[in-house]
Amino acid sequence: MFRSLLMLPLLLILAACQSTQVQRDFDPERDFSAYRTWSWKEPALQYLPDDPRIKSDLTEERIRSAVSEQLDQRGLRQAQSGAQPDLLVQTWFLVDERSQQYTTSSIGAWGGPWHGFWGGPTITDTRTIHYQVGTLQLDMYDADDGKLVWRGSAEQVLRDDPGSPQERAGMFRETVNKVLSQYPPR
């Protein structure tokens, strides 16, 4: 039982890893209010690694749909076919394998509260946890000069069971919403 209590901090640390970490960067010299339309910069979605377990038409459609929906909510309209957009948008879906080691130590003891405790050996337990981290990165390029003007990304630990198709689509919508939560920059 005492050993189980020592695992509690490890579980709390892993729970903290479940949160989404969002990062953003942008060109402060750009007037983002001038950007009104956008189009995909092909390839619209790139994968790293280029692994068929990650890369699929279904994943691409979910990400494209989530990005289109969120850009629309922020006042950016997808340019009509053949029209010159203000921004070109490209996304990346990156999956990294990571691991962390956790060490816990406990001191064994014998005896009881009536006659006192006697010391015992120190027990050290080291565990390695392997997990995958997914990063969804969204890049926006000025269509006139082709330069990157805005980048946002969200990183989070991937679940072993990604859920139903509806849950996957919802996860991508939520992630893209977090990435674009501070667009346009102020």
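Q70 touches R173, V176, N177 and L180, leaving out residues up to four places away in sequence. This is a predicted model. Q70 sits in helix α2, which covers residues 57-73. V179 belongs to helix α3, which covers residues 165-179. Q70 and V179 are 109 residues apart in sequence, yet 9.7 Å apart in space, C-alpha to C-alpha.

**Q70**
- Q70 counts as buried because its relative accessibility is 4%, and the cut-off for buried is under 20%.
- The Q70 side chain makes a polar contact with the side chain of R74, at 2.7 Å.
- Among the residues that Q70 touches are V176 and N177.

**V179**
- V179 is buried, with a relative accessible area of 2%.

**Helix α3**
- Helix α3 has 15 residues.
- From first C-alpha to last, α3 reaches 21 Å, close to the 21 Å expected at 1.5 Å a residue.
- Its buried residues are A169, F172, T175, V176 and V179.
- Seen down the axis of α3, these buried residues fall within an arc of 125°, so they line one face of the helix.
- V176 is one of the buried residues of α3, and V176 is also one of the residues touched by Q70.

Definitions and conventions. Residues numbered from 1 in each chain as written. Predicted model: local features only at pLDDT ≥ 70, side-chain atom pairs only at ≥ 80, totals over all residues. Heavy atoms only, no water. Helix = DSSP H or I, 4+ residues; strand = E, 2+ residues; numbered from the N terminus. Buried < 20%, exposed > 50% of the residue type's maximum accessible area, 1.4 Å probe, protein only. Polar contact = N/O pair within 3.5 Å; in protein donor to acceptor, adjacent residues only side chain to side chain. Contact = heavy atoms within 4.5 Å. Expected span 1.5 Å × (residues − 1). Arc of directions from axis to C-beta.
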